[in-house]
Amino acid sequence: MNTLPRHTSRMASTPQPATPVADFEKSLDELEQLVQKMEKGDLSLDESLAAYERGVALYRQCRGALEQAELRVKLLGDPADPDSAQPFEPDAF
């Protein structure tokens, strides 16, 4: 018998959207794993090409996330001038 209120169980089953930091870390981890596989030299040519293409896509995602983080830091402004802060609107990848 389920003792949780009905609305709580629905909330628990709804996945939360990943944060940009989590997305970056996941992409970076996958990219590192791809590099390790490719460095071993055990992949076929087709597998190597697919891994390379995926690696390029992951690299671009990571670079974009870092660029947005840098922009966000810049928009926060100079700590000596709190009025220089601006709102941040993230770009879609």
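1. A salt bridge is a side-chain nitrogen of Lys or Arg within 4 Å of a carboxyl oxygen of Asp or Glu. By that rule, the structure holds three salt bridges. Side chains of opposite charge can pair when their charged atoms come close.

2. Before the details, some notes on the basis. This is a predicted model, in which local features need pLDDT of at least 70 and side-chain atom pairs count only at pLDDT 80 or more, while totals for chains, interfaces and linings use all residues. Residues are numbered from 1 along each chain as its sequence is written, and side-chain values use heavy atoms, with hydrogens and water left out.

3. The chain has three helices and zero strands, giving the pattern α-α-α along the sequence. Helices (H or I, at least four residues) and strands (E, at least two) are DSSP runs, numbered from the N terminus. Of the 93 residues, 12% count as buried. Buried means under 20% relative accessible area, exposed means over 50%, and partly exposed lies in between (1.4 Å probe, protein chains only).

4. Which residue forms a salt bridge with arginine 54? The partner is glutamate 30, with N to O at 2.9 Å. This pair links distant parts of the chain, 24 residues apart: arginine 54 is in helix α3 (residues 45–76) and glutamate 30 in helix α2 (residues 20–40). Arginine 54 is partly exposed at 34% relative accessible area, and glutamate 30 is also partly exposed, at 27%.

5. Another salt bridge joins the side chains of arginine 63 and glutamate 67, at 3.9 Å from N to O. Both residues lie in helix α3, four residues apart, or about one turn of the helix. An α-helix has 3.6 residues a turn, so residues three or four places apart point the same way. Arginine 63 is partly exposed at 38%, as is glutamate 67 at 45%.

6. Lysine 74 and glutamate 70 form a further salt bridge, their closest N and O atoms being 3.7 Å apart. Because they are four residues apart in helix α3, about one helical turn separates them. Is lysine 74 buried or exposed? Lysine 74 is exposed, with a relative accessible area of 60%, whereas glutamate 70 is partly exposed at 47%.

7. The length of α3 can be checked. The expected span of a helix is 1.5 Å times one less than its number of residues. For the 32 residues of α3 this should be 46 Å, and the end C-alpha atoms are 46 Å apart, which agrees. After α3 comes glycine 77, with a positive phi near 85°.

8. Buried residues of α3 include Ala51, Gly55, Leu58, Cys62 and Ala65. Part of what covers the buried residues of α3 is α2. Contact here means heavy atoms within 4.5 Å. Among the residues of α2 that meet α3 are Phe24, Leu28, Glu30, Leu31 and Met38; on the α3 side they include Ala51, Arg54, Leu58 and Leu66.

9. How do α2 and α3 lie relative to each other? Their axes come within 9 Å and cross at roughly 150°. Axes are lines fitted to C-alpha atoms, for helices over the stretch in contact, and angles run from 0 to 180 degrees between N-to-C directions. Angles under 35 degrees count as roughly parallel, over 145 as roughly antiparallel, 65 to 115 as roughly perpendicular and the rest as oblique. The two helices are therefore roughly antiparallel.
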